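Work through the exercises below with the sequence and the model at hand. Each task is followed by a stepwise solution.

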Amino acid sequence: MKPVKRICTNKPLTHAKAAKVLRQLKKHPEVCEKCQIKPCVLAKYVFG
């Protein structure tokens with residue numbers, strides 16, 4: 001099975017990009033566990 005490519009980047013997320021990332025995490029939550037992006041741009045988007 002091919003590993004899933006993370007779609008988050010180090011740049012701040014737009015609404016559309018955040019929606020794509022959330023959909024990806026519902027299918028592949030392990031992508032988040034292996035993420036090297038610090039601080040988490042998705043958390044910044046969600047929690048401000």
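**Exercise 1: Surroundings of Gln24**

Apart from neighbours within four places in sequence, Gln24 is in contact with Val4, Lys5, Arg6, Ile7 and Val31, where contact means heavy atoms within 4.5 Å. The model is predicted: local features need pLDDT of at least 70, side-chain atom pairs count only at pLDDT 80 or more, and totals for chains, interfaces and linings use all residues. Residues are numbered from 1 along each chain as its sequence is written, and side-chain values use heavy atoms, with hydrogens and water left out.

Task: State in which helix Gln24 is found, and decide why Gln24 is classed as buried or exposed.

Solution. 
Step 1. Gln24 is found in helix H1. Helices are DSSP runs of H or I with at least four residues, strands are runs of E with at least two, and both are numbered from the N terminus.
Step 2. The relative accessible area of Gln24 is 10%. Buried means under 20%, exposed over 50%, and partly exposed in between, with a 1.4 Å probe and protein chains only. Gln24 is therefore buried.

**Exercise 2: Arg6**

Task: Locate Arg6 relative to H1 and list what Arg6 is in contact with beyond four places in sequence.

Solution. 
Step 1. Arg6 lies in the segment before H1.
Step 2. Because its relative accessible area is 31%, Arg6 is partly exposed.
Step 3. With neighbours within four places set aside, the contacts of Arg6 are Gln24, Val31, Cys35, Gln36 and Ile37.
Step 4. Val21 is 15 residues from Arg6 along the chain, and their C-alpha atoms are separated by 8.2 Å.

**Exercise 3: The chain as a whole**

Task: Give the order of elements from the N terminus on, and the share of residues that count as buried.

Solution. 
Step 1. There are three helices and zero strands in the protein chain, and the order is α-α-α.
Step 2. Of 48 residues, 23% count as buried.
Step 3. Among contacts with a separation of 6 or more, 61% come from residues 24 or more positions apart.
Step 4. Along the principal axes, the C-alpha atoms fill a box of roughly 35 × 20 × 15 Å.

**Exercise 4: The core**

Task: Which residues make up the largest nonpolar core?

Solution. 
Step 1. A nonpolar core is a set of buried Ala, Val, Leu, Ile, Met, Phe, Trp, Tyr and Cys residues joined through side-chain atoms within 4.5 Å.
Step 2. The largest such core has 10 residues: Cys8, Leu13, Ala18, Val21, Leu25, Val31, Cys35, Ile37, Val41 and Leu42.
Step 3. Helix H1 (15-27) and H3 are the elements that give two or more residues to this core. H1 gives the most, with three residues.
Step 4. Leu25 touches Val31, Cys32 and Leu42, not counting residues up to four places away in sequence.

**Exercise 5: Cysteines**

Solution. 
Step 1. A disulfide is a pair of cysteine sulfur atoms within 2.5 Å.
Step 2. Cys35 counts as buried because its relative accessibility is 16%.
Step 3. At 33% relative accessibility, Cys40 is partly exposed.
Step 4. The count under this rule is zero disulfides.
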